[in-house]
Amino acid sequence: MNKLFDYKIFGHDRPVLKFVILILSVLCAALLGRYLFCLTDGSQMDWEEYSLFSMTLIVLSSISYFAGRLIAYKTKLFSRVQNRDHILIGCFFGLFIILGVILVIV
């Protein structure tokens with residue numbers, strides 16, 4: 001029962017499905033929040049623009065997560081590190097920021 005509520009998504013023993021569910025729930029929450037804001041504000045929501053923005057964030061975070069897993073667990077760059085979960089977290093946030101900056105510049 002305790003494993004059912006284990007929401008840690010970073011780690012070699014964590015299934016990727018948790019990450020996918022987290023990303024989809026963040027997308028739904030962002031879209032619902034924007035929709036409710038537009039309802040209370042009385043303005044029209046531009047679904048196309050906001051959906052494109054949300055999908056771009058999903059793609060960036062997915063690329064960062066899977067590239068971070070590849071770097072942390074499948075390469076021999078960090079062979080002496082015992083806990084590679086910290087490397088995964090660092091790679092995820094670092095790659096996400098780098099890809100975000102590249103996307104804004106382009």
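**Entry 1: α2 and α3.** I looked up the handedness of the α2 and α3 crossing, and it is right-handed; a crossing counts as right-handed if the near helix is turned clockwise from the far one by less than a right angle, and as left-handed if anticlockwise. The model is a predicted one, in which local features need pLDDT of at least 70 and side-chain atom pairs count only at pLDDT 80 or more, while totals for chains, interfaces and linings use all residues. I number residues from 1 along each chain as its sequence is written, and side-chain values use heavy atoms, with hydrogens and water left out.

The axes of α2 and helix α3 (residues 85–105) come within 8 Å and cross at roughly 140 degrees. I note that this makes α2 oblique to α3. Angles under 35 degrees count as roughly parallel, over 145 as roughly antiparallel, 65 to 115 as roughly perpendicular, and the rest as oblique. The axes are lines fitted to C-alpha atoms, for helices over the stretch in contact, and the angles run from 0 to 180 degrees between N-to-C directions. By class, I find 16 nonpolar, 5 polar and 2 charged residues in the contact of α2 with α3. Ala, Val, Leu, Ile, Met, Phe, Trp, Tyr, Cys and Pro count as nonpolar, Asp, Glu, Lys and Arg as charged, and the others, Gly among them, as polar.

**Entry 2: α1 and α2.** Helix α1 (residues 16–41) packs against helix α2 (residues 47–74) at about 160 degrees, with the axes 11 Å apart. The two are therefore roughly antiparallel. I also find their crossing to be right-handed. In the contact (heavy atoms within 4.5 Å), α1 residues including Phe19, Ile23, Leu27 and Arg34 meet α2 residues including Trp47, Met55, Ile58 and Arg69. The residues of this contact divide into 13 nonpolar, 4 polar and 2 charged.

**Entry 3: Cys38.** I placed Cys38 in helix α1. Its relative accessible area is 4%, so Cys38 is buried; buried means under 20%, exposed over 50%, and partly exposed in between (1.4 Å probe, protein chains only). Leaving aside neighbours within four places in sequence, I find Cys38 in contact with Ser43, Gln44 and Met45.

**Entry 4: the whole protein.** I count 3 helices and 0 strands, in the pattern α-α-α along the sequence. Helices (H or I, at least four residues) and strands (E, at least two) are DSSP runs, numbered from the N terminus. Of the 106 residues, 25% count as buried. Among contacts between residues at least 6 apart in sequence, 54% join residues at least 24 apart.
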